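Dear colleague,

Please find below the structure I promised to hand over, followed by my notes on what was found in it.

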Amino acid sequence: MLDVLKENKSTTKLGWSLDRREPKFIQLFMPIWKWLYEYYFRVETSGWHHIPTQQKVLFVGSHNGGFAAPDMLMVMYDWFQRFGVEQPVYGLLHPKVWNVSPLLSIMTAKVGAVVAHPKMAVAALRSGASVLVYPGGVQEVFRPYYLRNKIVLAGRKGFIKLALQENVPIVPVISTGAHDTFLVLANCYDIMQQLHKWGMPWFLGIDPEIFPIYLGLPWGVAFGPLPHIPIPVTIRTHVCSPIIFERYGAEAARDREYVNMCYEIVQSQMQQQLDWLVESSSN
């Protein structure tokens, strides 16, 4: 395992190349993910027939459960076990995450993560691969518990422009259950941001963009966006029907009103599907 984690010498920074993805490395984790999928989170999934065959797509996901984001991992496992580890799919990862840990950066790059930057998203799609993006970012995974059944895309519309520019359908991926792995009580980011302006440094020098207070293992009560150990809960995921817009191309991607309209369509459809998934899960 240690040999596998060794980083190949390259002049390209981690996250800025499509060549770091290693199917053999992904295969090493499949037994672990399978156990988590079948026994720990007891995943129930549907809708995979909606993915167009022999066509690249932009997966737009909603994820839950803090930095652990177990629903995201389970969706990745579903993709690998259905389509194989050789069929490329790349996930866009927030630029700040790449600065947290060199080991984490190496592992995520080998699994297929790249920096969440238009350049890398375009490169991945033009290589013929599909791309997975979670626009909501930390604002979504650390949203308060009472908002667990709400889609949070945080107003980020870059994924809309990407889909329009590259002429690819958007396939939403939603989930419920993973936000029950801990209990987010509140977000105190505004207070912490003010303290930072008064001279308090950010941990590791990284602005977390959110500062939750939550109940979770192993901390009990946690202050800040700390990783936690997810408790075993049932996770339900659903791949929605592709969303195809009326217009595509560079001109459409530059049309602010059209981009806003497409964003509202995606958010609305994802919320409708999440409402359906939550309701069907409770029956």
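Glu166, at 10% relative accessibility, counts as buried (buried means under 20% relative accessible area, exposed over 50%, and partly exposed in between, with a 1.4 Å probe and protein chains only). The model is a predicted one, in which local features need pLDDT of at least 70 and side-chain atom pairs count only at pLDDT 80 or more, while totals for chains, interfaces and linings use all residues. Residues are numbered from 1 along each chain as its sequence is written, and side-chain values use heavy atoms, with hydrogens and water left out.

The side chain of Glu166 meets that of Arg126 in a salt bridge (3.0 Å, N to O), a term that here stands for a side-chain nitrogen of Lys or Arg within 4 Å of a carboxyl oxygen of Asp or Glu. Arg126 lies in helix H5 and Glu166 in helix H7, so the pair ties together parts that are 40 residues apart in sequence; helices (H or I, at least four residues) and strands (E, at least two) are DSSP runs, numbered from the N terminus. Arg126 itself is exposed, at 58%.

The structure holds seven salt bridges, including one between Arg82 and Asp78 (3.1 Å, N to O), which both lie in helix H3, four residues apart. Asp78 is buried at 0%, whereas Arg82 is partly exposed at 41%.

Lastly, three strands form an open sheet in the order S7-S8-S9, with antiparallel pairing, where two strands pair if DSSP finds at least two bridges between them.
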